[in-house]
Amino acid sequence: MGQLNESETVLQETLTLAKLVSSSKISGVYLSLGNIEQTIYQQLQDKYSWIEEPLFREQIANIIPQKAQKSLLYYQILENIPNISKSAKLQAQLNHLTLLISWEKWLSHQPNQANLHTQVNQQIRVLVNQIDENYSAFLELSPEPSIHARLNFASNLSQIPDEQLKSVAIRYAKLALKMAETINSTQWLSYSFGTLGKLSTQTEQKKAYFNKALGFAQSIRASDIAYQWQQQLGLIYQKQGKTELAIQNYNAAIANMTQVRDSLLSTNGDLQFSFQSEMEPTYRNYMRLLLTLEFRLGNKKRLSNAELKRNRFQI
């Protein structure tokens with residue numbers, strides 16, 4: 001429901017009780033706490049990018065590192081719990097990696113944080129190696145969580161500027177696809193093909209992957225999945241100069257986004273705010289293309305009128 005502060009309060013109370021009885025579920029509590037802090041951190045980043053008032057931006061900029069470090073602390077505590085299961089440790093490591101990559105990008109735009117940026121970069125490399133070396137942990141998960149974990153890892157690897165890691169990412173995405181085919185999960189087939197589309201470097205192959213991903217999403221009427229692939233197809237067609245196809249895909253993506261956004265109206269304003277930051281690039285591209293098309297049509301109409309006048313003059 002997006003009520004993160006209330007959720008954190010409940011989990012802190014749960015953690016206190018779990019420690020008293022030495023509950024085996026304590027790792028799940030730490031994971032949830034880390035995830036909540038990471039969500040708060042991400043929402044603060046979204047607000048920072050939208051808000052223009054200097055004082056408020058400065059206040060948010062000061063809070064962002066605190067939330068990032070608090071989330072990292074929970075993940076690190078979880079990873080160091082004695083006798084923790086490989087699967088629980090893997091989930092913490094994957095979320096840990098997602099946060100580190102996001103924070104590294106944030107720090108790269110903060111000139112006074114050069115040393116911390118370097119440290120976080122080094123931590124990313126170490127964590128990637130640990131996850132890859134602990135491959136057996138993926139096998140301990142049940143099929144759907146295992147597919148999700150592999151795609152999560154592949155998506156994170158794709159954001160690191162390293163060609164060798166990109167090939168590792170493709171390997172994990174293909175393993176996820178194979179498992180999705182084995183359990184015949186339409187949802188995970190869509191996510192797997194979509195992830196491979198993002199990882200591919202060849203335009204036609206990207207289009208093929210995204211079209212397959214979109215087909216699976218549409219077959220189960222999953223608007224929350226479909227818009228992602230429609231966005232990607234719109235961007236490809238836009239780069240190729242195929243304006244009408246780009247507009248068609250952006251229009252479909254916006255329709256699905258609107259449906260998803262409307263479902264958030266009854267939950268929480270912060271969720272809507274975060275989702276809006278995801279919608280904005282698509283809206284901007286869509287409007288640019290519409291204006292371009294309108295400009296072209298206007299020029300053609302003016303040229304046609306001018307040609308008609310010339311012909312009449314010659315006659």
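Modeller: A definition to begin with: helices are DSSP runs of H or I with at least four residues, strands are runs of E with at least two, and numbering starts at the N terminus. On that basis, the protein chain of this predicted model has 13 helices and zero strands. Read from the N terminus, its elements run α-α-α-α-α-α-α-α-α-α-α-α-α. The chain has 315 residues, and 43% of them count as buried. Take the contacts between residues at least 6 apart in sequence: 62% of these join residues at least 24 apart.

Now the residue. Gln 230 sits in helix H11, which spans residues 223-239. Its relative accessibility is 3%, so Gln 230 counts as buried; the cut-off for buried is under 20%. What does the side chain of Gln 230 join through a polar contact? The partner is the side chain of Asn 256, at 2.8 Å.

Last, a helix pair. H2 covers residues 26-50 and H3 covers residues 54-79. They pack at an angle of about 160 degrees, with axes 8 Å apart. Angles over 145 degrees count as roughly antiparallel, and H2 and H3 are therefore roughly antiparallel to each other. Their crossing is left-handed. By class, the H2–H3 contact has 16 nonpolar, six polar and five charged residues.

Technical notes. Residues are numbered from 1 along each chain as its sequence is written. This is a predicted model: local features need pLDDT of at least 70, side-chain atom pairs count only at pLDDT 80 or more; totals for chains, interfaces and linings use all residues. Side-chain values use heavy atoms; hydrogens and water are left out. Axes are lines fitted to C-alpha atoms, for helices over the stretch in contact, and angles run from 0 to 180 degrees between N-to-C directions. Angles under 35 degrees count as roughly parallel, over 145 as roughly antiparallel, 65 to 115 as roughly perpendicular and the rest as oblique. A crossing is left-handed if the near helix is turned anticlockwise from the far one by less than a right angle, and right-handed if clockwise. Ala, Val, Leu, Ile, Met, Phe, Trp, Tyr, Cys and Pro count as nonpolar, Asp, Glu, Lys and Arg as charged, and the others, Gly among them, as polar. Buried means under 20% relative accessible area, exposed over 50%, partly exposed in between (1.4 Å probe, protein chains only). A polar contact is a pair of N or O atoms within 3.5 Å; within protein, one must be able to donate a hydrogen and the other to accept it, and residues adjacent in sequence count only if both atoms are side-chain atoms. Contact means heavy atoms within 4.5 Å.
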